[in-house]
Amino acid sequence: MTDINLSAYPERFREIIEEFEAVDTRERMEYLIDYAMELPELPERLHEKRDQMEQVHECQSPVFLHTEIDNGMVQFYFDIPHEAPTVRGYAAILVDGLQDLAPAAVLATPDDAYRPLLLQDVVTPQRLRGLHFLMRYMKKQVERLSVEEAR
């Protein structure tokens, strides 16, 4: 873990990293599944806009993302099937660790945020690729919204 700069992560995300570091590989997977069950459902107001949500094509499962900036703070919304616990769990971690932050804090978070969580020990390389791109899509939407707000 010495090559990972934990100060690059927001405080709440660092707390989640500490939770994952403190357990063995088997328990890490259980934590990921626990997080999957905690991912908030897509709000009713976004159901009618689902076809406008961006799909993260690099994920093996259908993953749809909608991002908003409300009063200067980022809000993330996902539509991910319950049958995809790995990506649901990671999305829930990202929501927990990055929700309600200023756009700059989200954009400063490393794209490979799964690494300090040690998910590479419990997830296949192909799924890791999807997790990596999930974060990139989130940051891309935050960046786009930040530019739009600045106009």
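**View 1. Aspartate 100 lies in the loop that links helix α4 to helix α5 (103-108).** Helices here are DSSP runs of H or I with at least four residues, strands are DSSP runs of E with at least two, and both are numbered from the N terminus. The model is predicted, so local features need pLDDT of at least 70 and side-chain atom pairs count only at pLDDT 80 or more, while totals for chains, interfaces and linings use all residues. Residues are numbered from 1 along each chain as its sequence is written, and side-chain values use heavy atoms, with hydrogens and water left out. Aspartate 100 has a phi near 65 degrees, a positive value in a residue other than glycine. Its relative accessible area is 47%, so aspartate 100 is partly exposed; buried means under 20% relative accessible area, exposed means over 50%, and partly exposed lies in between (1.4 Å probe, protein chains only).

**View 2. Leucine 118 sits in the loop between α5 and α6 (125-150).** Leucine 118 is not a glycine, yet its phi is positive, near 65 degrees. With 15% relative accessibility, leucine 118 counts as buried.

**View 3. Alanine 91 belongs to helix α4 (residues 85-98).** Alanine 91 counts as buried because its relative accessibility is 0%. Leaving aside residues up to four places away in sequence, alanine 91 touches Leu39, Phe78, Ile80 and Leu134; contact means heavy atoms within 4.5 Å. Isoleucine 80 is eleven residues from alanine 91 in sequence, and their C-alpha atoms are 8.8 Å apart in space.

**View 4. Three strands make an open, antiparallel sheet in the order β1-β2-β3.** Its edge strands are β1 (54-55) and β3 (73-79), each of which pairs on one side only. Two strands pair if DSSP finds at least two bridges between them. β1 pairs with β2 (residues 64-70) in the antiparallel sense over two bridges. In this region, glutamine 55 has phenylalanine 64 of β2 as its bridge partner.

**View 5. β2 and β3 run antiparallel and are joined by seven bridges.** Histidine 66 stands opposite tyrosine 77 of β3. The hairpin of β2 and β3 has two residues between the strands, and asparagine 71 in this hairpin takes a positive phi near 55 degrees. β3 is mostly covered, with five of its seven residues buried.

View 6. Along the principal axes, the C-alpha atoms fill a box of roughly 45 × 35 × 25 Å. Of the 151 residues, 44% count as buried. Among contacts between residues at least 6 apart in sequence, 69% join residues at least 24 apart.
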